[in-house]
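Welcome! Have a look at the sequence and the model below, and then let us walk through them together.

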Amino acid sequence: ANSVTTGTNWISNFVITLTSPVLLQIAGWRLFLAFSIIMAANLILIYLFLPETKNLTLEEMDALFASSVWAFRSASSARKDENCHSVDTTTAATTDTDGPIAEDSLDSYEMTATV
C-alpha cells in the first residue's frame, strides 16, 4: 500500500508540473482560483470525514473508526462504545527464569512517553 501511495504521489506531482505552465498560459490567474476551490473542497471533506485522534489510544481510535464515517462522533462516545478489557496497572506479573511468578508493584516506576 505504501508503494502505491508513493507512486501516485510522484505521478500526480509529475502531471501537475508538466501541465501547470501550459494551463497558466491558457487560464492565467483562474488556474490559482481552480486550485483554491479544490483545496477548499478537500478541507471540507477532511473536516467532515476525519475525526481528531489526538490523545486517543489505539483501541479508542479503532472504536472511533469502526462504527461511523462522520467526524462528528466524539472521542468520548468512542470511549463508551469500545469493548476493550481494562488492564489493571497497579500490579503486573513477571516471570522469573528460576522460580514462580512474582508480583511487582508498578507504582515506583515512572511511565513516560516521548514524542
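## Terms and ground rules

Two residues are in contact when heavy atoms lie within 4.5 Å. Helices (H or I, at least four residues) and strands (E, at least two) are DSSP runs, numbered from the N terminus.

This is a predicted model, in which local features need pLDDT of at least 70 and side-chain atom pairs count only at pLDDT 80 or more, while totals for chains, interfaces and linings use all residues. Residues are numbered from 1 along each chain as its sequence is written, and side-chain values use heavy atoms, with hydrogens and water left out.

## The overall picture

The protein has four helices and two strands, and along the sequence they follow the pattern α-α-α-α-β-β. Among contacts with a separation of 6 or more, 9% join residues 24 or more positions apart.

Helix H1 covers residues 2-27. Its 26 residues should span 38 Å at 1.5 Å a residue, and the 35 Å between its end C-alpha atoms agrees with that; the expected span is 1.5 Å times one less than the number of residues. At Ser 20, shortly before the proline Pro 21, H1 has a kink of about 40 degrees (the angle between axes fitted to the seven residues ending there and the seven starting there). Just after H1, Gly 28 has a positive phi of about 70 degrees.

Which residues of H1 meet H2? They are Ser 20, Leu 23, Leu 24, Ile 26 and Ala 27, and their partners in H2 are Arg 30, Leu 31 and Phe 32.

Asn 55 sits in the loop between H2 and helix H3 (58-67). Its phi is positive, about 65 degrees, although Asn 55 is not a glycine. Most residues other than glycine have a negative phi. Asn 55 counts as exposed because its relative accessibility is 67%.

The average pLDDT, the predictor's confidence in each residue from 0 to 100, is 74 for the protein, and 58% of the residues score at least 70. Over residues 83-97 pLDDT stays under 50. Residues 101-111 are also below 50. Where pLDDT is low, the predicted coordinates should not be read in detail.

Conventions
Buried means under 20% relative accessible area, exposed over 50%, partly exposed in between (1.4 Å probe, protein chains only).
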